[in-house]
Amino acid sequence: MGEFKVHRVRFFDYMPSAIRAMAFNSHTERLALVRADGALEIFNFADHYFQEKVIPGQDGRAVEALCWVGQRLFSAGLNGEITEYDLENLRPRYTVEAYGGPIWTIGSNKQGTLLMVGCEDGTVKMFEILKERIQFQRNLERQKGRIVSLSWHPSGTLIAAGMMDMIRIFNAETGHATHRMLVERGVGASKSREVVVWSVAFLSDYTIISGDSAGKVQIWDGLTGTLVRTHLVTKWDVLCLSVSQDESSLIAGTSEGTVVQFQFISSTVDQQEEEWVRTRTFKNHSHDVRALAHTETAVVSGGMDTQLVVRPLLDKVEKNTQESAMRKIALPHRSLVCCAKKAGLLLFQFPDHLEVWRVGESDGHGKPGDSLPVKRKPEKLIQLKGKGGDHIYSSALSPCGEWLAYSTVSSVRLYRLQYNNISITKVSKLPKDLCLGHQLCFSSDSTKLFASSRHSSVIVVALNQLECKYLHTLKPKSGSRQPVHLLCTSEDGKWLATANTDCEIHVYDLHKRKLHCTVPIYSSCPTAIAIHPTTSHLVVVHADQQIFEYSLVQKEYTEWSRKLQKQGLHSLWLERDTPVTHVTFSLKNPAHIILHDMFMFCIIDQSLPLPESKTLLYNQMTLRSLPEQERIRHSHAFKICKNFKHVMCVSLLEDHSLVVVERPLLDMMSQLPAPVRQKKFAT
Amino acid sequence: MAALYEGYTLCGLVPGQTLTNSGIQGIEAERDSDHVVVTDSTRSVTLYKVSDQKPLSSWTVKQGQTLTCPAVYNSQTEEYVVVSDNKVIRIWKDEDILLDKAFKATVSSDVWRVHCLPGGEPVVLFQRGAVRLLDSLLSAPQQPIEEVLAQEEAIRWSTNIVADSQQFVIFTTEQKGDSFLYLHRLNPNTLQRYRLEREEPGLSPLSFSASYRDKHICLLYLYPNGHVYQSVVSVRGLGGDEGAQALPLPRSLLLGLPVGEGLLEAASAQLLDEAHVAVVGVPHPSAGAGKDFLCIWNTNFQTLQAGKEMAGKIYGQLWTFSNKLFIPHGKTLSVIPYECPKSSLASALGKLNNGFINISVNVIIYGFFSLLTQRTNRKTQSAPSLTVDQVLDFTKTAPVEEVQREVEGLLSRADIQDLQPLVGQLASMLVSRSLADPAFYTPSTLAQLVHTQSLCHSVCPDLVLLALERRDFFLCQLCLQFFPDIPEAVTCACLKAFISMPDTEAEKLSLEPDSVSFMETLIARERAPVGLQNGFSSTSTDQDCSDALGGGGRVVIKTGEEDKEKSSTPPEPICPVGLHKAVLLNEVLLTAYSDTFLLPHLKDLSSQHVVLFLQYLQFLYLKYSQDASPQMHGLRSPSLTQIMDWVCMVLDAHFTVLVMTPEAKGLLVNLHSFVKSQVRLVSELGKIEGSLQELNKMKVKKDVGQYSIEIIELF
C-alpha cells in the first residue's frame, strides 16, 4: 500500500464544556443535552446515539434545566429567561422573561399544557403552553428561599418543590403549600450550612424522592409529609435524580462522579412489600454528575468531565451484544477542523473563536515508524474572535486558504485572508439572503461559497476580489424542514451534495443550477459524505457504519457498493461505536477512500477483495510480519490504522501527506478542575 | 561471620641469631594468588606455590652479601627485583638460575624498600625518604638522591597503593618518639606529611596496615597497649602545600584489644576488609594471657569473629594475600585461609529472626567490655566501697550458699552503674570455679546473672557447656533465650542433649512459664477448621502424595494407601515429644544461627534423634498450617519460617541416612508434599509477579509532543 508522511497535530486544544442538564424524550428517543456554555445538543438514541443537531451557545447564557413538552424543547437558566428552541432552524425560537430572578428548574405537567419554573425569589411560576408561544398564568404561593427543584405529580394535582433545608408540597390547583418537610443538614462542619435539595421526584404512588447537598437520597411519603427512609449515598452532594418511566428504578448522580441506582423491589425473597433498595453504583465520571436520564434500558449521565456516558443496564438488554456495550461520547460527531488542502492550512473551530494554523515542514526522509526532524514548526497565523455574544456554529476555509467564513445563529461572516504579510479583512457587503448558514462550504476553486439555509436549501454566493454576489438558492423537492448537517462539493465544481437529519441526501448539478437527484433514503443518518474527484461517485457513511457508493452519473449504487451490501460489512466494523466523521480521497490512487472515526483512520482500497466475515479485519500487524509476496494474499480492502487516538480530523494535503488532528482525552482531562477529594487507599 | 580455616605449613623457618626475628624479611605476591615470593632475612629468595606447599625455585646471593629488602615481582616485565647490601639493585627473570649473573645496578643512596603492585611499576623508596620509579632510576643509577627526612628521622614501615590510577608510596617514620606519616604521590610528585597523635608516652605503633577505599587511604595502626587506631586521609585533598608543616592526622579508636599483663611486644594488625582486622600476637579475650593467638575482629561491632592459637613464638609478622594469612610462628611459616563475608549487624550476631532489636541492645561488645573494665577498675579504685573486688575475691573461695547470698546482694544494689562488666566477671569467675570444682555449682545465681540480660556467650563461653554438663536445662533455656551469640556448635550440643533426654526427666524440669504455656495451648488446642497457610492444607497433601508417588516402589504404594485411609479421616497430629522437651526444642529453633556453620554440627545427631526431631518439626508445621495464627503475641514461639529452615537443614545434614532408614520413609513423603505445596505456591506467585511486571512494561509509551511528522506504513 505504501508509506505516508503524517502531520500528527495535537495543538488543537479544543475543550468541550461541562454538561449542565439533559432531558430525554422517550417518544422520539432524542436526548437533549445542554452544556455550561449554553450549547444544546440533540442525540438520536434510536440511531446509534448520533449527535444530530447542535445549537451553539451564547456568552452569558447559563442554562440550568431542560424540558421536553412533546416535540418542543424548553430551557430555563440563571438569566431568568425561558427559551424555546427552534430545532429545525437550530436557533432559539423565542425567550420569555419570567421575572422571578434566576430560574433553577423547569418542568411540565404530564398533559403538556403547563410549564412551571422555580425561581430564586421563591416563586413557582406557571406558564400555559400555547401553540406558538407560552403565556404566564399564575404564581404558586411564594416561599422564603429559592426553589431549586420541582416535580409534578403525574395526576397534576400536587407539585413537590425542593428548596433550602426543606421540601414543599403545593396543591397545583389552589397554589397553596400543603406540606413542609424539613431535610436534615449534614453532620460536622456542614451542620451550619443550609442543605440544598438539588433534585426531587414525585412518583405516582405519592412517594417523593429527594437528593440533597448532604449526600442523602431520601424517600418521603408525599401524602403525609413524613420521611420513610434515608440512604446516605455520598459524603458530598447528590446533584440529580432520574426515575425510569415505569417508576421501578431510580438513579442519583453525585459529586464523586458516581451514579447510584435504587430499585423498587422486595428486599428479601419471601417478602411481599416492596421498597426502594440501593442496588448498583456506577463510576464512569471523574467529576460531578450534573445531569442524568433514565432511559428504558440505560443510565445516561453527564457532568463536569464533559463526557456523555450511556451505560446500559444489563438486566434490560441482552448481554454481550453491541447494545450492552457502554458508550462514552467525548468528542462531537461533526468536524471542527477544516483543512485547506492546497495551502496546507488548518482551521480550528472553538465556540467563541477560530484559529488558522500552518502545518510544519520537514525535508527528511525516514523509515516507517520514524519521527522526522521538523524543519519548520507549525505556526498559528490567525486567531479570530467571534463578534457578539453568539457562539460559532459552523466555519470553513477555502481550499486556497484565502477565504474564511463562519456562521452563528444570527449571521454569516466572510473574511479575506492574506498570508505574505498576514492580514484579514472582513467582506462587509454580504448578500441579504446569506443570513443563515448551518453548514458552510467553498467550491474547490474557491470561487463560490455554499451555505445551507432553512428547510434544507442551499444558498450559492459567488466570490471574487471585488464583490460577493448572491447567485441563486438550491432547494430540494422533498420539502423537508430539517436542517442540513453535511455539505460537500466535487473537485470539478459540478456537484454539490447535502445531507439532512431526515436522512435525505440531495445532489445538485451546479452547472444547471438545479437538483440532480436524491439518493435513496437509508434509515440511518449520514455522518459523512464526499464526492469522488474523478469518478463522481458519492460516498456516504451512515451512523450505523454502513458505507454506500452512489454513482451520480448513473444515478444508481455502484457495482462496488452493491457487492459491499451483498457481502455485508465485517462485524467488527459494524461494532465500532464512534461515527465516521470525514471522508476524503487519495489524489494518487482513485481507488482509495480515506475515512476516519475517533479511534482509527481507514483507507479503503476498492481494488482489493472485501474482508469476509472470517478474515481478520484489523490485519495491519499480521501483514507487517509477513514477507512481501504473501501480503497480497492476506490483504483486503480495509486498511485500518490505529496508531492515532481521539482523532478529530484526517485529511490529505496536496503533497500527499496526511494531516491527523488528535485531541487526546488525557489532555482534556488535565484541563478539568480538581475533582472532589476522595479518600483513596493509602492516601 | 568471619572464620579462620585449618592452616597448613608453607615452609620451615631458620630463625635468625636473635629469637625475636622470624628469619623472614618479607612475603610478596607473585604472578597469581597462588604464588608468593618469600625473602629471608639473609641471602635467599624463594618462590612458592602456596596450594602445593612447595618451593618452585630459589635464588641466593653470594656469601657475604645480604638482601636488605624483600624481593618483589614485576608482573609487567615478569622480573624479580631485590636490593642487596642496601645499594645494589638486582633484577632477574624466572629462568635465570644464578642471581650473580643477573642484572645489577648500584645506586648512590641506601634503599629502604622496592615496592611493586600487580600491574604497577616498581618504585624505589630510599632510606632518606626519596622516591624514584625504578625505570627512571635505572636510566641513571648514580643520580643524586635528595634527603627528605630530618636528621634523626627513620622509616619504620612503608607500602604503596594504587588509587584511581594514581600511585602512592606511603611510609611512616619515627623521630624522637613522634611518628609521622608520609604520603608520596607519583606523577606528578607530591609529598604530604602528617603527624600521628601521641599515644601514652614511650609508645610507638607496633604495626601499620593501609588500604584504599572510597577515595580515601585508610591507615590502621596498633599500639603496644592494644589500641588499634584508624586514620583516614583523602586522596583528593593532596598536593598544594608541598613540604609544608606536618599536618596533624586525626585518628579514631577502632578497637581496644585486651593485652593481658604488660604491653604487647610483637604484634601486628592487618586490615582484611572494611570491617575486619586480623590481629596476631594479642591474647584471646577468653584464653588467659597467652599472646600466641591469631584473631579476626569485626571493627564495626567490635566483636571477636574468629580466633586461632598459633603454636610457638609469635614474631608479630603477618601478611595477607587473597584470603590467606601468612604468619610465621615457632619454626614454621603457616598459611591460614580465612573468610570475611559482608558483615551486617545481623550476621555479626548470627541469624536472628525474633526479638532482634531487644537483644541487640543488650549485646555486650567485647571490645567495649575490656575498655569498660579498665575504666571501672579505675573508678572503683578511686571511690572505695567494699564491693566489687571483694565480692569477686569472695566468689573464688566461699561456699555455695554464701556466694549466692553475696551475689544477690550485690546485684540488688542499685548504685552499681557498670553492671555489665561486673556481671561478666562474676559469671566467668563462677563458671571457672564450677568447672574446676565438680562439687561447686550455683544454678540460681547463674540464672540470675543470665537474667540480667547483660551476659553473652563470648563473655563466658563455658557457661552453656557447663549447664549442659550439669544437666541444668533451665539455665540452658535461659542462655539460649538471652544470649545473642551462641555458636552453632553449642546450639547443636544443646539440641543433642535435649533430644536425647528421656521424657520422664524432662517433665521434672521447671522451665520458663511463657514458653511452656505456648506449647500447652498448641498441643491442647482443638482442631480448628482447616485453614490454609502458605497454600498448604493437610488434606490436599494426602492426595498429592498418592498422585506424586504413582509408579514408585512397593513400599511407597503402601504409604500411598495408608495416606488414602488417612485422608478419609484426617488424623489429628500427635506431638511426638513430651511437653517440656518440646519447649526446650522450641528454644533451639528460636536461636540465631547461620546454616554454613550449623550444618557440620548437625551431622553429629544420630539417626533416631534426627527422625524424632523431624517428626516434631512436622508436628509443628502441621499445627501451624491448620491454625490460621497459632503464634500468640507475647509468647515465645518459633515462626513457620524458622521451622521450615530447620527442616531443610536437618534434611540436608542427614539425607542419605534418612533415605536408608525405613521408619523415616513416611516422614520424608510427607515432607516432600509440604515442599511440593510450597513450591506450587511460589510458582503461582512467580506467575503473578511475571504478569505484574508485564503490566508495568505495557504502560511505557512514547511521549508525543504537540506536533510531529511521522512516517507510517500501511500494508
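Author: Let us begin with a term: a salt bridge is a side-chain nitrogen of Lys or Arg within 4 Å of a carboxyl oxygen of Asp or Glu. Please keep in mind throughout that this is a predicted model.

Reader: How many salt bridges does the structure hold over all chains?

Author: Over all chains, the structure holds 38 salt bridges. One of them joins the side chains of A:Glu64 and A:Arg20, with N and O 3.3 Å apart. A:Glu64 belongs to strand E6 (residues 63-69) of chain A and A:Arg20 to strand E2 (residues 19-25) of chain A, so this pair ties together parts that are 44 residues apart in sequence.

Reader: Are A:Glu64 and A:Arg20 buried or exposed?

Author: The general idea is to compare the relative accessible area of a residue with a cut-off, since buried means under 20%. A:Glu64 has a relative accessibility of 13% and therefore counts as buried, and A:Arg20, with a relative accessible area of 19%, is buried as well.

Reader: In which strands do the partners A:Glu355 and A:Lys380 lie?

Author: The side chains of A:Glu355 and A:Lys380 meet in a salt bridge, 3.3 Å from N to O. A:Glu355 lies in strand E32 (residues 353-358) of chain A, while A:Lys380 lies in strand E34 (residues 379-385) of chain A, so the pair ties together parts that are 25 residues apart in sequence. Here the accessibilities have to be read one by one: A:Glu355 is buried, with a relative accessible area of 5%, whereas A:Lys380 counts as partly exposed at 38% relative accessibility.

Reader: What does the salt bridge of B:Arg195 and B:Asp178 look like?

Author: Its side chains meet with N and O 3.1 Å apart. The pair links distant parts of the chain, for B:Arg195 is in strand E17 (residues 190-196) of chain B and B:Asp178 in strand E16 (residues 178-185) of chain B, 17 residues apart. B:Arg195 is partly exposed, with a relative accessible area of 33%, and B:Asp178 is buried, with a relative accessible area of 15%.

Reader: Which residues do salt bridges that share partners join into one network?

Author: Shared partners join A:Arg8, A:Arg10, A:Glu662 and B:Glu710 into one network. Within it, A:Arg8 forms a salt bridge with B:Glu710, and their closest N and O atoms are 3.2 Å apart. Across the interface of chain B and chain A, the rule finds 1 salt bridge.

Reader: How many residues of each chain are in contact at that interface?

Author: To read an interface, one can count the residues that touch, then consider the area they bury and the kinds of residue involved. In this structure 13 residues of chain B are in contact with 34 residues of chain A, and the two chains bury about 2,300 Å² between them, 59% of it on carbon and sulfur atoms. The rule also finds 11 residue pairs in polar contact across the interface, both residues being at pLDDT 80 or more. On the side of chain B that touches chain A, the residues divide into 7 nonpolar, 3 polar and 3 charged.

Reader: In what sense do strand E1 of chain A and strand E30 of chain B pair?

Author: Strand E1 (residues 2-9) of chain A pairs with strand E30 (residues 707-714) of chain B in the antiparallel sense, over 8 bridges.

Reader: Where does B:Glu30 lie?

Author: B:Glu30 is found in the loop between strand E3 (24-29) and strand E4 (35-40) of chain B. Its relative accessibility is 5%, so B:Glu30 counts as buried. Leaving aside neighbours within four places in sequence, its contacts include B:His35, B:Leu47, B:Tyr73 and B:Tyr80.

Reader: How many helices and strands does chain A have?

Author: Chain A has 5 helices and 56 strands, and 59% of its 683 residues count as buried. Among the contacts in chain A with a separation of 6 or more, residues 24 or more positions apart account for 48%.

Reader: Which residues of helix H8 of chain B are buried?

Author: In helix H8 (residues 443-451) of chain B, the buried residues are B:Thr445, B:Leu446, B:Ala447, B:Leu449 and B:Val450. After H8(B) comes B:Gln453, which has a positive phi, near 60°.

How values were computed
Residues numbered from 1 in each chain as written. Chains lettered and ligands numbered in written order. Predicted model: local features only at pLDDT ≥ 70, side-chain atom pairs only at ≥ 80, totals over all residues. Heavy atoms only, no water. Contact = heavy atoms within 4.5 Å. Buried area = accessible area lost by both parts, 1.4 Å probe. Polar contact = N/O pair within 3.5 Å; in protein donor to acceptor, adjacent residues only side chain to side chain. Nonpolar A, V, L, I, M, F, W, Y, C, P; charged D, E, K, R; others polar. Pairing = 2+ DSSP bridges. Helix = DSSP H or I, 4+ residues; strand = E, 2+ residues; numbered from the N terminus. Buried < 20%, exposed > 50% of the residue type's maximum accessible area, 1.4 Å probe, protein only.
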